[in-house]
Amino acid sequence: MHTKKELEEQFGTSGRIRFEETPTGLVRAVIATDLGEADVYLQGGHVAQWTPRGERPVLFTSSRSEFAPGKAIRGGVPIIFPWFGPRGGGMPGPSHGFARTVPWRLEQVHEGDGTVALTLVLGSRDVPHSFGYADFSLRFSAVIGAQLEMELEVRNDAEQKLIYEEALHSYFAVGDIEQVLVTGLQGMTYIDKTDDFKRKHVDGEIIRLTKETDQVHLNTLETCVIEDAAWRRRIIVEKSGSQTTVVWNPWAEKTKGFKDMAPEEWRGMICVESANAAENAVTLAPGEAHRMRVLVRVE
């Protein structure tokens with residue numbers, strides 16, 4: 001893992017970007033431009049905070065997130081790879097894969113007109129071989145400014161095909177979840193993980209959350225909009241290279257079982273995740289690459 005000193009020597013520091021080391025030993029890039037600010041942790045390649053200038057924070061991060069080596073950060077945008085949820089087939093491995101809990105390498109920093117762009121990389125040599133994934137490479141890019149642009153590229157460097165699931169597991173901050181509407185998923189078929197994985201359809205044009213929700217919407221390329229009445233704003237989530245959208249909120253009872261989330265914090269968050277999961281898993285032939293892009297903006 002890069003140290004703060006090594007990052008400063010390689011990439012320098014400016015008025016827009018500096019590097020910090022947390023008391024727990026994690027290293028993060030702290031970005032502040034005329035258009036927005038963000039924190040990006042090298043562990044997990046994790047955008048943990050993004051706030052357009054003059055706005056409320058757009059990403060939710062739990063006040064009890066541990067920010068510890070090897071622990072997933074609760075909030076922001078965890079990178080999910082190479083499986084979504086529990087690993088199937090009785091195989092060992094952490095929930096949502098290994099990418100979100102291992103150190104990534106910062107490859108490039110570019111300062112643009114009011115923006116800072118970071119590129120982080122993760123290769124098969126950076127993760128335990130016991131997981132059974134060899135000869136792959138990930139590249140994650142985030143452009144921080146008035147908008148948040150993210151791209152996850154997966155490349156198969158092996159001599160056999162690579163089948164994987166992925167997600168940019170975005171946690172969004174809202175004023176009151178019970179006043180939130182989600183549009184863009186009308187008519188979609190989804191897997192209801194709270195009801196024995198039954199297949200259901202979205203009735204009507206909006207989704208309103210009234211209880212624990214864990215919906216995996218399949219075969220959808222559409223832009224989603226989070227209508228946040230309490231804070232009088234709309235969060236627009238555009239995507240490409242993603243055929244799955246996940247909508248999640250643990251609600252009150254499930255949150256009680258999370259050590260890394262305060263009891264009432266479910267009220268101030270919603271996950272609308274751009275993903276490729278279940279039958280939308282990606283298959284790459286040797287030498288192929290796939291890119292998933294997400295653009296978030298606020299109105």
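# Exercises on a predicted model

Glutamate 165 sits in the loop between strand S10 (162–164) and strand S11 (166–168). Keep in mind that you're working with a predicted model.

## Exercise 1: a glutamate and a proline

Work out whether glutamate 165 is buried or exposed, and find which residues it touches beyond four places in sequence.

**Solution.** 
- Step 1. Start with the cut-off: buried means under 20% relative accessible area.
- Step 2. Glutamate 165 has a relative accessible area of 17%, so it counts as buried.
- Step 3. Now look around it. Leaving out residues up to four places away in sequence, glutamate 165 touches Ile80, Phe81, Pro82, Trp83, Phe84, Asn276, Ala277, Ala278 and Ala281.
- Step 4. Pick proline 82 from that list. Along the chain, glutamate 165 and proline 82 are 83 residues apart, yet their C-alpha atoms are separated by 5.1 Å.
- Step 5. Proline 82 belongs to the loop between strand S5 (79–80) and strand S6 (105–111).

## Exercise 2: two phenylalanines with positive phi

Find where phenylalanine 67 and phenylalanine 197 lie, and say what phi each one has.

**Solution.** 
- Step 1. Here's the background: most residues other than glycine have a negative phi, and most peptide bonds are trans.
- Step 2. Phenylalanine 67 is in the loop between strand S4 (46–52) and S5. Its phi is near 50°, which is positive.
- Step 3. Phenylalanine 197 is in the loop between strand S14 (189–192) and strand S15 (198–201). Phi there is positive too, at about 60°.
- Step 4. Exposed means over 50% relative accessible area. Phenylalanine 197 has 53%, so it's exposed.
- Step 5. Who touches phenylalanine 197? One partner is aspartate 192, which lies in strand S14. With 8% relative accessibility, aspartate 192 counts as buried. Skipping neighbours within four places in sequence, aspartate 192 is in contact with Phe197, Lys198, Lys200 and Asp214.

## Exercise 3: a sheet and its helix

Describe the strand order of the open four-stranded sheet and find the helix that packs on it.

**Solution.** 
- Step 1. The order is S1-S2-S3-S4, and the pairing is antiparallel.
- Step 2. At the edges you find strand S1 (17–21) and S4, each pairing on one side only.
- Step 3. On average, neighbouring strands of this sheet are turned by 15° against each other, direction ignored.
- Step 4. Helix H1 (residues 4–11) packs on the sheet and touches S1 and S2; its direction makes about 165° with that of S1.
- Step 5. Zoom in on S1 and strand S2 (residues 27–32): five bridges join them. Glutamate 20 stands opposite arginine 28 in S2.

## Exercise 4: two pockets

Give the volume of the largest pocket and of the second largest pocket, then describe what lines each one.

**Solution.** 
- Step 1. The largest pocket holds about 430 Å³ of space. It's lined by 21 residues, and the closest to its centre are Arg74, Ser95, His96, Arg100 and Trp248.
- Step 2. Sort that lining by class and you get eight nonpolar, four polar and nine charged residues.
- Step 3. The second largest pocket has about 270 Å³. Among its 18 lining residues, Tyr190, Ile207, Arg208, Lys211 and Gln215 are the closest to the centre.
- Step 4. The elements giving two or more residues to this second lining are S14, S15, strand S16 (206–208) and strand S17 (213–217).
- Step 5. By class, the lining of the second largest pocket has five nonpolar, five polar and eight charged residues.

Note on methods: Residues numbered from 1 in each chain as written. Predicted model: local features only at pLDDT ≥ 70, side-chain atom pairs only at ≥ 80, totals over all residues. Heavy atoms only, no water. Buried < 20%, exposed > 50% of the residue type's maximum accessible area, 1.4 Å probe, protein only. Pairing = 2+ DSSP bridges. Axes fitted to C-alpha atoms, helices over the stretch in contact; angles between N-to-C directions. Contact = heavy atoms within 4.5 Å. 1 Å grid on protein atoms, 1.4 Å probe; cavity = no way out; pocket = protein on both sides within 12 Å on 5 of 7 lines; lining within 4 Å. Points joined across faces, edges and corners; volume = space filled by probe spheres on them. Nonpolar A, V, L, I, M, F, W, Y, C, P; charged D, E, K, R; others polar.
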